[in-house]
Amino acid sequence: LFEADSLIEAGNYAEAEDAYSAFHAAPRADAVKVLAREGLGYAIEGKSLAENEAQARQAGLEAALKAFEAMQPNTAGPGHKRALYHQGRMLAALERREDAIAKFREILSGDPGDLEGEVENRLAALTKSSKPTP
């Protein structure tokens, strides 16, 4: 994971994606696999944001959303709320505002843990930007 994280920091998103995928494929504890799947989502997101063409960027963000959806599908599993948070971020980036708002509210419907402040900030920004300006 350290190597893959370093590759992301260096902007080598494709290599980071490969490293996270290989790490995830190996037998590991569930919590560690969640970290690898989160890193995979970050790598795909970074690669897509580096795209110059809007259509490629859009497709990359959709792929990142799918990766974050696969990060922790078990609602009782470790990292599930963080996976929802990343899904909300991707939905907002894809300009699917209502879906993003619903995802962030889903986090707040239970115990958001350490995500509460960040989720509330994102919700405030999304709801503020969805109100018509006078």
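Modeller: Let me start with a term: contact means heavy atoms within 4.5 Å. The model is predicted, so local features need pLDDT of at least 70 and side-chain atom pairs count only at pLDDT 80 or more, while totals for chains, interfaces and linings use all residues. Residues are numbered from 1 along each chain as its sequence is written, and side-chain values use heavy atoms, with hydrogens and water left out.

Now the core. The largest nonpolar core holds 29 residues. Such a core is a set of buried Ala, Val, Leu, Ile, Met, Phe, Trp, Tyr and Cys residues joined through side-chain atoms within 4.5 Å. Buried means under 20% relative accessible area, exposed over 50%, and partly exposed in between, with a 1.4 Å probe and protein chains only. Ala16, Tyr20, Tyr85, Met90, Phe104, Ile107 and Val119 have the most contacts inside this core. At least two core residues come from each of H1 (2-9), H2 (13-25), H3 (30-49), H4 (54-71), H5, H6 and H7 (116-130). Helices here are DSSP runs (H or I, at least four residues), numbered from the N terminus. H4 gives the largest share, 6 residues.

Take Ala16 next. Beyond its neighbours within four places in sequence, Ala16 touches Ala4, Leu7, Ile8 and Ala43.

Ala67 sits in H4. Ala67 is buried, with a relative accessible area of 11%. Leaving out neighbours within four places in sequence, its contacts are Arg37, Gly41 and Ile44.

How does H4 lie against H3? Their axes come within 8 Å and cross at roughly 170°. Therefore H3 is roughly antiparallel to H4 (an angle over 145 degrees). Axes are lines fitted to C-alpha atoms, for helices over the stretch in contact, and angles run from 0 to 180 degrees between N-to-C directions. Val34, Gly41 and Ile44 are among the H3 residues that meet H4, whose side includes Gly60, Leu61 and Ala67. Ala, Val, Leu, Ile, Met, Phe, Trp, Tyr, Cys and Pro count as nonpolar, Asp, Glu, Lys and Arg as charged, and the others, Gly among them, as polar.

Now H5 (residues 80-93) and H6 (residues 97-108). Their axes come within 8 Å and cross at roughly 165°. So H5 is roughly antiparallel to H6. Tyr85 and Leu91 are among the H5 residues in this contact, and Phe104 and Ile107 are among those of H6. The contact of H5 with H6 counts 7 nonpolar, 2 polar and 5 charged residues.

Terms used. Parallel < 35°, antiparallel > 145°, perpendicular 65-115°, else oblique.
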